[in-house]
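Open the model in your viewer and keep the selection tool ready. Each stop below says what to select and what is there.

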Amino acid sequence: MQIDSAGKEVPAADTGAAADPAGNGAATCPPTTTIAMAGALTGPDAALGINIVNGVKLALDQHNKANPGCRIKLKEYDTEGDPQKASQVIPQIVNDPSVLGVVGPAFSGETKATGQILSDAGLVAVSSSATNATLTKNGWKTFFRGLANDDVQGPSVAKYLVGTAGYKKVCVVQDNTDYGVGLAQSITAGLGAAADPACAASIKKGDKDFSATVTKISGARPDAIFYSGYYAEAAPLVQQLRSGGVDATFVSADGTNDPQFVSQAGGSSEGALLSCPCGPGPDEFSQAYEELNGQAPGVYSVEGYDLTTILAAGIDAGKLTRPDLLEFVRGYSGDGLARHYQWNADGELSSALIWVYKVG
């Protein structure tokens, strides 16, 4: 279901008015015209980046088939979701004059590490997935977030858990990434008295043994556990919680909301609640996505598609330089499959809601 800032269900938006990447079919552009995608395409969290780049590919496939005079190229850059690796990769994009815009960076940590580089270069960066709320407070001029940030997600989900779901005691577990730390702070604040500090826990990205955390949570007997991090750790964590006799509802957010969580956690994922600023795609989108990519869409796939559609619309409108395309995005207002896209001066959406999914 889609929820508002009070944690209450609201109806999903109509996707009938969504922008079509095909445009009017009359676009012309130089054969070198390129956009880039930057994110984790290998490594433990690669599924999240692959979801995005496959959405980008679908939008460009539909655009290029309809516009023989403007076939936009895609260059993929693998950051592995690592801020240090991204700091080496992003300058490569910046130094490629054919690249007019970037879908990404994907993760909050790598965005924090490279946002100034992109801003200094005047290269528009539309992120379908970096949700740390502080990213838009850095004075960057080219960063646009294509979904709600964690200061929207955290309170919305917290109010859903306490108000709609009725949980009285929640243990908040966070990883040590910029995303995990920021979201956990927001969730904990939103939960108020329901967040039990005695069973709050921190883990490190890459950890696989959570016995100490399981022992702490087991003794607290909570109604729910909120995990703030990514699926690579969420899957073994929920398995070990269940093996340790903890049957409280497992709740996590967009970093976990991927089919890989269910695949890796198996039956232990049953009944988990996963929030996301990302919305599900309509059936027609899902069918086209799977036909092109050989797999179903996942978290951020729709956002990758919508944001690529916006970049393509700018190119089709003759915005064929980095400054022109940047200004096009800055002034954009239009519907996509996931939501209405229009940004404020900081690069935040003018309005954005949250989705809650249940593993069944």
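**Before you start**

This is a predicted model, in which local features need pLDDT of at least 70, side-chain atom pairs count only at pLDDT 80 or more, and totals for chains, interfaces and linings use all residues. Residues are numbered from 1 along each chain as its sequence is written, and side-chain values use heavy atoms, with hydrogens and water left out.

**Stop 1: the domain**

Select residues 33–351, where an unreviewed UniProt entry places the feature "domain: Leucine-binding protein". UniProt positions are given here in the numbering used for this model, feature names are shortened, and annotations may be inferred rather than shown by experiment. Helices (H or I, at least four residues) and strands (E, at least two) are DSSP runs, numbered from the N terminus.

**Stop 2: the nonpolar cores**

A nonpolar core is a set of buried Ala, Val, Leu, Ile, Met, Phe, Trp, Tyr and Cys residues joined through side-chain atoms within 4.5 Å. Buried means under 20% relative accessible area, exposed means over 50%, and partly exposed lies in between (1.4 Å probe, protein chains only).

Select L161, L191, F226, F250, F261 and W343: of the 96 residues in the largest core, these touch the most other members. Helix 1 (residues 46–66) gives this core its largest share, eight residues. A second, separate core has 12 residues, including A36, I93, V94 and V99.

Now centre on F261. What does F261 touch, not counting residues up to four places away in sequence? Among the residues in contact with F261 are Y231, F250, L274 and V359. Contact means heavy atoms within 4.5 Å.

**Stop 3: the cavity**

Cavities are found on a 1 Å grid over the protein atoms alone: a cavity is a set of points where a 1.4 Å probe fits but cannot get out, and lining residues have an atom within 4 Å of a point. Grid points are joined across faces, edges and corners, and a volume is the space filled by probe spheres set on the points.

The count comes to one cavity of 30 Å³ or more. The largest cavity has a volume of about 60 Å³. To see its lining, select A106, F107, S108, S129, A130, T131, Y179, Y230, D254, G255 and Y300. By class, this lining has six nonpolar, four polar and one charged residues. Here Ala, Val, Leu, Ile, Met, Phe, Trp, Tyr, Cys and Pro count as nonpolar, Asp, Glu, Lys and Arg as charged, and the others, Gly among them, as polar.

Next select I52, which is in helix 1. Is I52 buried or exposed? I52 counts as buried, because its relative accessibility is 2%. I52 and S127 are 75 residues apart in sequence and 9.7 Å apart in space, C-alpha to C-alpha.

**Stop 4: backbone details**

Select G104 and P105, which are joined by a cis peptide bond with omega of about -5°. P105 is in the loop between strand 5 (99–103) and helix 3 (108–121).

Move to E80, in the loop between strand 4 (73–78) and helix 2 (83–94). Its phi is near 60°, a positive value in a residue other than glycine. E80 is partly exposed, at a relative accessible area of 39%. E80 and T42 are 38 residues apart along the chain, and their C-alpha atoms are separated by 5.4 Å.

R221 is not a glycine either, and has a positive phi of about 50°. Look for R221 in the loop between helix 6 (211–220) and strand 10 (224–228). R221 counts as exposed, because its relative accessibility is 71%.

**Stop 5: two buried loop residues**

Select L41, in the loop between strand 3 (34–39) and helix 1. L41 counts as buried, at 16% relative accessibility.

Finish at D96, in the loop between helix 2 and strand 5. D96 counts as buried, at 13% relative accessibility. Beyond residues up to four places away in sequence, D96 touches K75, Y77 and R322.

Notes
1 Å grid on protein atoms, 1.4 Å probe; cavity = no way out; pocket = protein on both sides within 12 Å on 5 of 7 lines; lining within 4 Å.
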